[in-house]
Amino acid sequence: MDLRDSARDAADTLTERLAAPENVRGLRHRQGWWPQSLAHGAVGVALLHIERARTGHGPWQRAHNWLACAATGPAVGGVESHLFYGAPALAFALHAAADRPGRYARALNTLDRYVAAAVEGRLADAHARMDRGETPALVEFDAIRGLSGIAGLLLHRDVHAGLLRRVLMYLVRLTEPVERDGELLPGWWSHLAPSGAPSPDYSEGHANNGVAHGIGGPLSVLSLAARRGVTVDGHFDAITRILAWLDQWRQDGPSVTWWPYWITREQLRSGPPGPGPSRPSWCYGAAGLARAQQLAGLALDDPVRQRMAEAALLRAMADPGQLGATEDLSLCHGFAGLAHITQLASADAVTTGLAECLPRLVAPITDTAPGILADSLIAPPGGGDIGLLEGAAGTALALHSFCTGTPSVSGWDSCFLTN
């Protein structure tokens, strides 16, 4: 069977298993049942049906049913909310579903107020923290729970121009170096461990490089905004500072380029970044950081940067060691994410060869019979995940995009700051 046909069968089977909330509500879910979660719950599954409906591959009623499931309770706002949970997640999905003017307008207006209030509070807290000379927690700025993800929503939603600019101004300030104990540190240096909690193993903190939880997220969203013509004072200087940091820690081998997941204070002083490379995921690995730098190259009109990023991605997607370290099928850190990033990067690339990597990235998903694949993702003995980030909906969306070979119609992938 042709690979695209196999991918289509897999995507269709996963989508059918997720046709209605009642089909999976009673199953054991590894992350629990969180309807307002874009990462693991109903909001993420709604995105699958929204994209399929908007491309003519499925009925709208399924999207409506999953959105209704997600909105059963009051929208979660305030400090508990972020792009992947609560009011911002609901706003993201409803905006993706608004295929004509006025659709979901009342609900979106209400959610916009929740989002704006939460962002105002977060910005005030972040600037107050900077004024006190303290270092940030990752949740302040990252792509999943922080202001980088919120900036992605505001860019996607395109109704909060002033608020978006203020978030971008914050991200610019975040990149400005700070002095600690006589040493110059990047402004995103966190006093916490990569887990986001205090740890004796990270008593002096760390600088996180990942797209999901580190400086890769701000780099991506600053670059995406610049490509849309939305910039603030110091915008390109901030992008350049982040790129200089990534260049400092880039590791080039005979056949591979990679970046350490994070840098400790000891590594900052002594230089060696530790062993690598690890898996080339969206969240932390070479795939996510290469796409972020490709976007930066496009934003800066810097073909040298763009070619370096594309070459790094091409090497990672051809490296048996890195692909062998990839152990699941998810968008976050599995083959679905690698395939989707490679497809996006290939569409923008001046470097040849990326599209030719797609079969080897899709095959680990399609090599399993569709029914067995669906069981392994949705209802394994240890508990499944139906969602976007690590679960069945995200894998199905990546397969759907591979089959159509076209950019997302709904913009579902913009929550990953890759497009």
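Helices here are DSSP runs of H or I with at least four residues, and strands are runs of E with at least two, all numbered from the N terminus. The model is a predicted one, so to speak: local features need pLDDT of at least 70 and side-chain atom pairs count only at pLDDT 80 or more, while totals for chains, interfaces and linings use all residues. Residue numbers start from 1 along each chain as its sequence is written, and side-chain values rest on heavy atoms, with hydrogens and water left out.

Most residues other than glycine have a negative phi, and most peptide bonds are trans. Asp 158 is not a glycine, yet has a positive phi of about 60°; this residue is placed in the loop between H8 and helix H9 (161–174). The other case is the peptide bond joining Gly 276 and Pro 277, which is cis, with omega about 0°. Pro 277 belongs to the loop between helix H12 (265–270) and helix H13 (286–300).

On to helix packing. Two packed helices are described by the angle between their axes and the distance between the axes. The axes are lines fitted to C-alpha atoms, for helices over the stretch in contact, and angles run from 0 to 180 degrees between N-to-C directions. Helix H6 (residues 105–131) takes part in two such pairs, with H8 and with H9.

For H6 and helix H8 (residues 147–157), the axes come within 11 Å and cross at roughly 145°. This crossing is left-handed (the near helix is turned anticlockwise from the far one by less than a right angle; clockwise would be right-handed). In contact terms (heavy atoms within 4.5 Å), H6 brings Leu 108, Asp 112, Val 115, Val 119, Arg 122, Leu 123 and Ala 126, and H8 answers with Leu 147, Ile 150, Leu 153, Leu 154 and Arg 157. That contact has nine nonpolar, no polar and three charged residues, where Ala, Val, Leu, Ile, Met, Phe, Trp, Tyr, Cys and Pro count as nonpolar, Asp, Glu, Lys and Arg as charged, and the others, Gly among them, as polar.

H6 and H9 also have axes that come within 11 Å, here crossing at roughly 25°. That makes H6 roughly parallel to H9 (angles under 35 degrees count as roughly parallel, over 145 as roughly antiparallel, 65 to 115 as roughly perpendicular and the rest as oblique). The crossing of H6 and H9 is left-handed. On the H6 side the contact includes Ala 116, Glu 120, His 127 and Met 130, and on the H9 side Leu 163, Arg 166 and Tyr 170 are among the partners. By class, this contact has nine nonpolar, one polar and five charged residues.

Helix H1 (residues 3–17) packs on helix H17 (residues 358–366) at about 45°, with axes 10 Å apart. That angle makes H1 oblique to H17, and H1 passes H17 in a left-handed crossing. Leu 3, Ser 6 and Ala 7 of H1 meet Pro 359, Val 362 and Thr 366 of H17, a set with four nonpolar, two polar and no charged residues.
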